[in-house]
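Good morning, and thank you for coming. I would like to begin with one pair of residues and then widen the view.

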Amino acid sequence: MNNAAIAMKSQNLARPPCNIVVAGLGGQGVLAATDIIAEVALRAGFDVKKSEIKGMSQRGGSVTCDVRFGAQIFSPMVPAGEADFLLALEAAELEPNRPLLRSGGVTIGPSAIDADKLPQKKTLNVALLGALSAYLPMAQQQWLDSIGLAFAPRFLEANRQAFLLGRASHNNSVHATPAA
Amino acid sequence: MDDQNRLLLSGDEAIALAAWQAGVALGAGYPGTPSTEILEHFSRLGGRAQWSPNEKVALEVAIGAAFGGARAMATMKHVGLNVASDPLFTVAYTGVTGALVIVSADDPGMHSSQNEQDNRRYAVAAGVPMLEPSDSQEAYDFLFAAIEISERWKIPVLLRATTRVCHSYTVVRPRAGRDTPAAANFVRDLKARVMVPGNARPAHRRLRRKLSEMAEWNESCALNRLLPGDKSLGIIASGISFMHAREAAPEASVLKLGFTHPLPMRQIAQFAAGVQRCVVIEEGDPYLLEAIRAAGIPVTGKPEMYRFGELDVPRVRRILRGDTSAEAAAPAGKPPQLCEACPYRIVFDALHRHNCIVAGDIGCYTLGVLRPFEAIDSCVCMGASVGVGLGLRHVLPPDQACRVVSIIGDSTFIHSGISGLVEMAYNPPPNGHVVIILDNGTTAMTGHQEHPGTGRNLKHEPTGKVVLEDMARACGIPRVQVIEPRAGSDAFENALVEALKSRQLSVIIARRPCILVARELKEYEQRCNCHEVAEPCPAAV
């Protein structure tokens, strides 16, 4: 377990888990983004659960995916009204899913990223992870390691750049504090 | 903490890994959300996995393997067990020589299903032991336990999971190494395996004796866990409901049941007696509640409104405080739709414009019910389109009957549409009938699995191929056409109009690869043609 996880555990043992909901449309990379968050949290030593729905909803319909991490996680589903973060890959998915957020929860939508600076349009999901990462206790290198595992070599550099773009977009305005 | 030994696995992957390590010799199934990934992962690990034409055949193949002394597994979604229920009820009598685990993946809330039946009822109805995991670690551990129970009592075991177990990723600490089960070997046992009445009568008594032995064993079984807590509230839960309950009421005493048929009633009674208020938290049917109450143990369950859909933490909190007020609606998302470039759009457009009465079936194409097509009039179960269409043709007045068509996908046709076609040839309606087979070369809805009509096995390697048009002709259908539905072409529409007019028995195969995997399908075909493989292609030998 790394230092971030130890620090978070010692502070937050009795506190609720970090709850993240990723929303978008089938084919936008919702599952891939959630996989990376879960992988980073796992490698940082947290207990992690991730819940996704596959099947008919994937035919272009709305997709949401939950990931939770902390000292000990029970339900794999983020309870409505308890999400710390809502990450939306599609602007239209923000409002319908807003009731999932706790009061004071953070929304991160496509407008958080300067689309013109994205190395490829399809890397929006990873750029949004960059923005999200600024709020979370895991180190930048841990994110980059997990992104390295998630993509084939030919897509890796674009996704790396997208992640750093997203992270820089929020780094200036946000203190990296673990959500509670 | 040993970080090296923590895997983040879905419940399906955990079942597959355990099956691989337990030395399961054969896994058979039919794709169905949320069970599909079990066999896919088992195959990737090196296990012998195969898609059967349907769940009944898959279970029969697994039964044969278990009769031969091997460890075998059959996987399916909840409605798949309906198809496989015929062998299930009698293999409970015959028992097995090796081990047999039947995985039923239920879909409460119907994320990708036509009903939300609770397959725990099957364990009771067929008289087989049942295990219910609540996360991936338990899915992993319980597969091993299922094999132990199966071998100890020579009985098939139902491993019942749900969507949120199958498709949630949670941490698994796997065991080391792999079992080496005894080699398969046939031992003749006519009395046990041949269910003529004279053998089946004692077999039924034998089954009931096994169940009462297992119930006794379950009283002290480690698959059930007692979590001491506040005595004012006791919760009895199984499966994913346990996780929601633990989070909703962290202070409560909990009896967490893993081995849920036959139930450990003495342990349940003792637990209920030790708490002031005892509530059963379970998703779907009140299976535990009814059984526990029937045993005379005073427990309460959930209000009827929570029978519908999945449970989650907020719903369990509501159940515990007896809240029956209206629930907030789930976020209204964008509904799924037929892909923009789906070749079936042309088909549904034609059906819509000709005002056809369409008996539909199970697959992506059920989305033809949505606007702008609204060109599916019924969807019941796998294969039902053919029989339902025939029934409509038989009774409707001619002006309506002549507009009835059945529409079915290629994989669904292989699954259970073939017998419908036989029915059509055998009991033809007076004005004929039109069956449209949408052949996109894959089982698209569940994530593009192979089937006997593709000529490739689960690993996308070449194998025997059932040619749909040949099969239709062999059934004696006089009009069999293969059409490629292409944008801008009216070939399909013309074929439809002519078939309807002909008043003959007609099969139109609309054949075009699923656009989501058209490239992969081409690659598989090339491999099959031996262009890219070093080893000789079995199909060419």
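In strand S3 of chain A, the bridge partner of Asp47(A) is Gly70(A). This is a predicted model, in which local features need pLDDT of at least 70 and side-chain atom pairs count only at pLDDT 80 or more, while totals for chains, interfaces and linings use all residues. Residues are numbered from 1 along each chain as its sequence is written, and chains are lettered from A, with ligands numbered from 1, in the order in which they are written.

Strands here are DSSP runs of E with at least two residues, and helices are runs of H or I with at least four, numbered from the N terminus. S2(A), residues 47-52, is largely enclosed by the rest of the structure, because five of its six residues are buried; that is, 20 or more other C-beta atoms, placed from the backbone, lie within 10 Å of their own.

Which strands pair with S2(A)? Pairing requires at least two DSSP bridges between two strands. S2(A) pairs with S3(A), residues 62-70, in the antiparallel sense over six bridges. S2(A) also pairs with S8(B), residues 168-172, antiparallel over three bridges; there, Ser51(A) has Ser168(B) as its bridge partner.

Let us turn to chain B. An automatic or database assignment gives domain 1 (3-218), domain 2 (225-320) and domain 3 (344-540).

Conventions: Buried ≥ 20, exposed ≤ 12 C-beta atoms within 10 Å, placed from the backbone.
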